Amino acid sequence: HSQAENIGSFQEVSGPHERAMTEFVVPRSVIDGTGEKKRLPQAADQYFSRAHHNPKSYDRIENWLPDVEQFTFKTVMVPISGAQAHAILKFRDEVKLRAAVRDQERREASTKGADDGKSKGSYKVQEESKSVADEYAEKSINSNIFLDQTYEFLMQDWARDPEVNSWRQSLEDLQNDLDKAIKIVAKGKMPSP
């Protein structure tokens, strides 16, 4: 018996204007745990299981993509090194921090009645189509202008700092790898597996 058979049942359902379909019904006692003494597996437990991350696992895209390749866009696998993954996380953290600081500066300026654009570290968005109220309401993390400015700033700033220069280099290497993959797909010349 599969785990699904032990948890619930399949039932045919249909509405007045619908085709019959199958629905999986899970008893409430299983969901809230009142009918089961054992703990059901949680998604996070399953994801972090070593079985899902070994090179032969069907959960990995490189193992299932060939089965659906005829139904998908052309795909080039771009592996990411540990250093590149670390740099992505550090970049994300720094962008989130700078966005929070910018948003706080903008809130403080709006409560004072005006923003002269001279706040220390301020990223002044200059778009005629936005009112001051709209500008302050938008979170920096959702602003393409802020994200572009922050990217340019961080890539320059990280280049000057020996401690984090390797992060910048890792991101540049990844960008080059992605650019190569895009060119391969655009030309239609796919590498053989």
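Let's start with Thr-150. Is this residue buried or exposed? Thr-150 is buried, because its relative accessible area is 0%, and the cut-off for buried is under 20%. Keep in mind that this is a predicted model. Where does Thr-150 sit? Its place is in helix H7, which covers residues 144–160. And what does its side chain reach? The backbone oxygen of Phe-146, at 2.8 Å.

Next, Leu-178. This one belongs to helix H8. Leu-178 is partly exposed, with a relative accessible area of 38%. Now look for Val-78. In sequence, Leu-178 and Val-78 are 100 residues apart. In space, the C-alpha to C-alpha distance between Leu-178 and Val-78 is 6.8 Å.

Stay with H8, and bring in H5. Helix H5 runs over residues 82–111, and helix H8 over residues 165–187. Their axes come within 8 Å. At what angle do they cross? Roughly 110°. Angles of 65 to 115 degrees count as roughly perpendicular, so H5 and H8 are roughly perpendicular to each other. The handedness of this crossing is left-handed.

Which residues meet there? On the H5 side, find Ala-83, Gln-84, His-86, Ala-87, Ile-88, Lys-90 and Phe-91. On the H8 side, find Trp-167, Ser-170, Leu-171, Asp-173, Leu-174 and Asp-177. By class, this contact of H5 with H8 has seven nonpolar residues, three polar ones and three charged ones.

To recap: Thr-150 is buried in the predicted model, Leu-178 is partly exposed, and the crossing of H5 and H8 is left-handed.

Terms used: Residues numbered from 1 in each chain as written. Predicted model: local features only at pLDDT ≥ 70, side-chain atom pairs only at ≥ 80, totals over all residues. Heavy atoms only, no water. Axes fitted to C-alpha atoms, helices over the stretch in contact; angles between N-to-C directions. Helix = DSSP H or I, 4+ residues; strand = E, 2+ residues; numbered from the N terminus. Parallel < 35°, antiparallel > 145°, perpendicular 65-115°, else oblique. Left-handed = near helix turned anticlockwise from the far one by under 90°. Contact = heavy atoms within 4.5 Å. Nonpolar A, V, L, I, M, F, W, Y, C, P; charged D, E, K, R; others polar. Buried < 20%, exposed > 50% of the residue type's maximum accessible area, 1.4 Å probe, protein only. Polar contact = N/O pair within 3.5 Å; in protein donor to acceptor, adjacent residues only side chain to side chain.
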